[in-house]
Amino acid sequence: MGLITETNAQYYSGQQVFNGITGNDIVCTFNTDLVATVANVSNSNYSVTKNGVLLTETTDYSLSITDLNKITFTVALISTDQILVTLNQPAINSNYGSYEYISILDVVNNFMFAYVGMDKLIPRCKKSDIIFHAKRGLQEFSYDTLKSVNSQELTIPPSLSIPIPQDYVNYVRVSRIDESGVQRIIYPVNNLTTSPKFLPIQDVNGIPIQDSFGENNEANQSITEERWNEETQSNITGEFEDNDTNVYDWAWWKLNFGQRYGLDPQTSQGNGWFQINERLGTFSFSSDLANQVVVLEYISDGLAYDVDSKVPKMAEDALYAHINYSILSTRANTPEYIVQRYKRDRAAKLRNAKIRLSNIKLDEIVQVFRGKSKWLKF
Amino acid sequence: MAINVNTVYTTVLSILNKEQRGYLTPFEFNQLATQVQLEIFEKFFEDYNQYIRMPKTDVEFASRMDHIRDEFQIFEENKNASSVSGNVYDPPTSPAIHRFGSAFFTRAKGNPEIHIVTRRDYHEQILSPLTQPTINNPIGIYHKDKLTVYPEVASPAVTDVKFNYIRKPADVVWAYGVDSTTGAFIWSGTAGAPTPFIPSTGSVDFELDDSQQTEVIIGILKYAGVIIRDPQIVQSATQLSAANEVNTKR
């Protein structure tokens, strides 16, 4: 049996038709599970029409609580009725391309079936152990192997700060989007400035002042951040302006212009700066980015949401090898040569997965190499 | 296939009556037969455990493990819970559980197995965010003949949980009618047997596989020898049984 269980209509248009059904129940077979409208919990992800007339949820039909994807109609169907169940567009979109992935649940079930049991290297193992190692593996793979980059398009408010995304683990890239839609990479401030974690208020002797609970009093505003926000970016980047043409003006910040010692390439860019403010839990941007559109690309650990818990099929075998090694290496009395064998197995398969997922295509490399004869100007 | 109760009874009587060693009444036979059936039935599981740990073969008809599974598969049941309160499910009552095997959660796709844990393990497991029970990975605590399943689901129903278990074999009964002329006991399964039958519920065959017929007869003879106080029968039956045991475990 093939792995695809949906019909073309179910996949492409998110529709399933039921003809000649009698009784009150139909069961849908989409890859996507139907979701009912539950107040303050969820919105329905599908609609139902009967003979071309849109039905109303709860009045005309309801989704079974006990049986998955079973729709129960208030009025019994007769054989001439035509029922059309249609997924809404976000549900259809999230199903597109889903064949690229395997769910973590399937990985665990496959592992239990294929690697655990009598006469196998792992004769018995708690399923929760396998789930733990599978999820840990997915987390580790998410950081450097999987294509699990999330991105958000955001507008920088006047406060120059945006909160860190809920499922954020680390950033990949932050870009400003210019008027042409081209992304221009924004760089971290690195050593230019910082965001202090604590802002203790001091007395005249420099000793932090405590409140009635014995805790340090903290200032609301950081002086460092205020100064940074008010700084003129051209002072750092070396951006040349018409009124700065006096080469004999030796103000310290003009030394960055390259008149005397050349530009510092690290700071010679005009796209702006960002930093992570751990105290406020925000991404903070330089003042020239106010009201600009930025795209924040970051990695998550693949476990934040249920729908995230999916593994690219190209890394499936690496995940099995990871679980195998993790279980064998933590199990008492496993011979060390077995542990080492699976350690190497894991490393080799993870390397394969990284190569596969790095998405290197010969034609694309050839295209890049076409620039080999172009002169590079320094 | 089950063992015919009349075949066993008549065979036992034939052996016992040889040289007028004694007679076994239907009542005594029924009790002994039930006892022997239970003994052999309980031994299945110990034997199965031993076979699992022995070298195995996949050759058809030669696998002891497959063979013994065939013998007790008839007692395996897969039934819904009998009642539910919150997330506590009572096991089936008809037939009742003799050995609990596994339980499956039908509220999730593919009916995943409910992983049975101790209460201590449960508390450890729920402390880890990665191993929280979900409907796709349900866990349960089997305690005082009740199964508490996590996570708790809305609108619980007895169909949520299916129990896979071994039931106890039914009591063996050799029922008979009394011939009004000769006073002889006629087996209820005989064509034209006189009625009413004693007991009125009729005969119940052994549920064991017919490959166990010899074991059953030897077992009954062993007990019958005790009843009729014939050490020779007890000794012979015990020797035969031991020889059989040695052969199958070699």
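Lys56(B) and Asp119(A) form a salt bridge, with their closest N and O atoms 3.7 Å apart. The model is predicted. In total, 2 salt bridges are counted between chain B and chain A. Besides this contact, the briefing covers two open sheets of chain B, one of 5 strands and one of 3 strands.

**Contact between the chains**

- Chain A contributes 17 residues to the contact, and chain B contributes 17 residues.
- The size of an interface is often expressed as the accessible area lost when the parts come together.
- Between them, chain B and chain A bury about 1,500 Å², and 62% of this lies on carbon and sulfur atoms.
- Of the area that chain B buries against chain A, 38% comes from Arg107(B), Lys109(B) and Leu130(B), more than from any other three residues.
- Polar contact links 2 residue pairs between chain B and chain A, counting pairs with both residues at pLDDT 80 or more.
- On the side of chain B that touches chain A, the residues divide by class into 7 polar, 6 nonpolar and 4 charged.

**The 5-stranded sheet of chain B**

- This open sheet has mixed pairing, and its strand order is β3-β4-β8-β7-β6 in chain B.
- Its edge strands are β3 (83-85) and β6 (115-116) of chain B, each of which pairs on one side only.
- His115(B) has Ile139(B) in β7(B) as its bridge partner.
- Helix α4 (residues 119-127) of chain B lies across β7 and β8 (146-150) of chain B, and runs at about 160° to β7(B).

**The 3-stranded sheet of chain B**

- Strands of a sheet pair through backbone hydrogen bonds, in either a parallel or an antiparallel sense.
- In this open sheet of chain B the pairing is antiparallel, and the strand order is β2-β9-β5.
- β2 (76-80) and β5 (99-105) of chain B are the edge strands; each has a single partner strand, so one side of each has no neighbour in the sheet.
- From one strand to the next, the twist averages 20°.
- β5(B) and β9 (residues 161-166) of chain B run antiparallel and are joined by 6 bridges.
- Arg99(B) has Ile166(B) in β9(B) as its bridge partner.

How values were computed. Residues are numbered from 1 along each chain as its sequence is written. Chains are lettered from A and ligands numbered from 1 in the order in which they are written. This is a predicted model: local features need pLDDT of at least 70, side-chain atom pairs count only at pLDDT 80 or more; totals for chains, interfaces and linings use all residues. Side-chain values use heavy atoms; hydrogens and water are left out. Contact means heavy atoms within 4.5 Å. Buried area is the accessible area (1.4 Å probe) that two parts lose on being put together, summed over both. A salt bridge is a side-chain nitrogen of Lys or Arg within 4 Å of a carboxyl oxygen of Asp or Glu. A polar contact is a pair of N or O atoms within 3.5 Å; within protein, one must be able to donate a hydrogen and the other to accept it, and residues adjacent in sequence count only if both atoms are side-chain atoms. Ala, Val, Leu, Ile, Met, Phe, Trp, Tyr, Cys and Pro count as nonpolar, Asp, Glu, Lys and Arg as charged, and the others, Gly among them, as polar. Two strands pair if DSSP finds at least two bridges between them. Helices (H or I, at least four residues) and strands (E, at least two) are DSSP runs, numbered from the N terminus. Axes are lines fitted to C-alpha atoms, for helices over the stretch in contact, and angles run from 0 to 180 degrees between N-to-C directions.
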